[in-house]
Each structure stands twice: as C-alpha cells, then as structure tokens.
Amino acid sequence: MELQSVLYVSRSNIDFPNKAYLVGDLVRWSVSWNRRVGITGALAFTETHFSQYIEGPPQAISDLVSKILCDDRHCNVDVIRIAPTIDRTFQDWSLAFSGPDAFTGDHLRPLIERDLEDKALTDQLADKWIRFLKEMAAATQTHI
Ligand SMILES: Cc1cc2nc3c(=O)[nH]c(=O)nc-3n(C[C@H](O)[C@H](O)[C@H](O)COP(=O)(O)O)c2cc1C
C-alpha cells in the first residue's frame with residue numbers, strides 16, 4: 001500500500017512552562033486518533049517549536065494535515081517535505097514524543113535556520129532530523 005509522509009516545523013503558541021500540560025493533552029489525543037486511522041510518526045517539542053513527521057494512508061494524512069494547519073496551538077507551519085513512501089520509519093509508534101528539552105532544540109535549529117533556496121541542503125537536513133527523531137523514539141523504548 002502506498003503511504004504518504006509529511007514533515008514540518010512550526011512555532012509553538014503554548015505558554016511554556018506555565019501551560020506545559022497542554023502539550024501532554026495534545027500528545028494523548030494524537031496517539032489515540034493516529035492509532036485509529038493508521039498514522040504513525042513522531043513529534044518533537046523544543047519549548048518554542050514543534051516538528052512533526054507523520055506517515056500513513058494518503059487520505060488520513062491529508063485530513064490530519066488540514067486540521068494541523070489551522071490549529072491555533074502553533075503558527076508559522078513550514079512544510080518541509082510531503083512525499084510518498086513505501087516503508088514506515090515509525091512503524092512501532094502512533095506518535096513518538098520527544099521534548100521538551102534544549103537538546104532536541106539544538107538538533108532542530110539547523111533545519112529551522114536553513115537557507116530556504118537550497119533544496120539539496122533542506123533534503124539533507126530533513127533526512128538527518130528524521131534519523132534523530134527515530135533514535136529518540138527508539139531510546140524511549142515505549143511503543144505507543
Ligand atoms: C503540533 C501539533 C501536532 C498535532 N499532531 C496531531 C496528530 O498527530 N494527530 C492528531 O489526531 N491530532 C494532532 N494534532 C491536533 C489536530 O490539529 C486537531 O486538533 C485534532 O486532530 C482534533 O481535531 P478536531 O477537533 O477538528 O477533530 C496536532 C496539533 C498540533 C498543534
């Protein structure tokens with residue numbers, strides 16, 4: 001079955017740390033919805049930014065992306081890559097979650113601050129970032 005994948009970065013509108021619980025609510029909701037519709041992926045939260053990679057049936061992905069784009073818990077959604085894929089990268093995770101922490105932010109910064117004109121560099125940074133998310137997911141050892 002052909003799958004669709006999406007990677008984006010956005011600016012968080014969540015007042016951190018005062019309303020950190022809102023991120024937990026978001027992750028809990030997402031895990032349960034993603035499981036129902038066959039979406040897998042990962043979400044990183046760096047206190048100021050979100051980055052999410054999701055993969056799944058094209059219709060489910062497109063429905064979810066429409067919702068995510070108009071969610072007021074974040075803004076400036078920068079869609080870095082939309083691509084068909086055959087194999088899942090996060091097959092064991094409905095939504096692996098990493099954050100909030102500065103360490104994640106250090107790894108995300110090159111992607112946020114990339115030269116938007118340089119497509120080859122963007123691709124390289126995106127691949128590196130997805131590998132980082134996968135390592136974070138594997139290290140948590142909780143398959144959700
Ligand atoms: C950064 C971010 C990531 C999100 N990721 C997901 C997700 O993976 N799955 C999901 O169901 N909702 C996710 N949401 C929430 C959706 O935007 C939306 O609120 C949710 O699907 C409920 O939409 P509804 O009330 O219109 O049904 C995310 C929201 C934000 C801000």
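Visitor: Is the crossing of α3 and α4 left-handed or right-handed?
Guide: This is a predicted model, in which local features need pLDDT of at least 70, side-chain atom pairs count only at pLDDT 80 or more, and totals for chains, interfaces and linings use all residues. Residues are numbered from 1 along each chain as its sequence is written. Helices (DSSP runs of H or I, at least four residues) and strands (E, at least two) are numbered from the N terminus. With left-handed meaning that the near helix is turned anticlockwise from the far one by less than a right angle, the crossing of α3 and α4 is left-handed.

Visitor: At roughly what angle do the axes of α3 and α4 cross?
Guide: Axes are lines fitted to C-alpha atoms, for helices over the stretch in contact, and angles run from 0 to 180 degrees between N-to-C directions. The axes of α3 (residues 102-112) and α4 (residues 119-140) come within 9 Å of each other and cross at roughly 160°. That angle makes α3, relative to α4, roughly antiparallel (over 145 degrees).

Visitor: How many nonpolar residues are in the contact of α3 with α4?
Guide: On the side of α3, the contact (C-beta atoms, placed from the backbone, within 7 Å) is made by His-107, Leu-108, Pro-110 and Leu-111. From α4 come Leu-125, Ala-126, Trp-129 and Phe-132. By class (Ala, Val, Leu, Ile, Met, Phe, Trp, Tyr, Cys and Pro nonpolar; Asp, Glu, Lys and Arg charged; the others, Gly among them, polar), no residue here is charged, one is polar, and the nonpolar ones number seven.

Visitor: Which residue in β3 does Arg-11 stand opposite?
Guide: Strand β1 (residues 3-12) pairs with β3 in the antiparallel sense, over eight bridges. Opposite Arg-11, the residue in β3 is His-49.

Visitor: Which element gives the most to the shell around the ligand?
Guide: Of the 16 residues around the ligand (C-beta atom, placed from the backbone, within 6 Å), Ser-30, Trp-33, Phe-50, Asp-71 and Arg-73 come nearest. Two or more residues each are given by α1 (21-37), β3 (49-56) and α2 (58-69). The shell divides into nine nonpolar, four polar and three charged residues. With five residues, the element that gives the most is α1.

Visitor: What is omega for the peptide bond from Gly-99 to Pro-100?
Guide: Pro-100 has its place in the loop between β5 and α3. The bond from Gly-99 to Pro-100 is cis, with omega near -5°.

Visitor: Where is the place of Glu-47?
Guide: Phi of Glu-47 is near 85°, a positive value in a residue other than glycine. Glu-47 is found in the loop between β2 and β3.

Terms used. Angles under 35 degrees count as roughly parallel, over 145 as roughly antiparallel, 65 to 115 as roughly perpendicular and the rest as oblique. Two residues are in contact if their C-beta atoms, placed from the backbone, lie within 7 Å. Two strands pair if DSSP finds at least two bridges between them.
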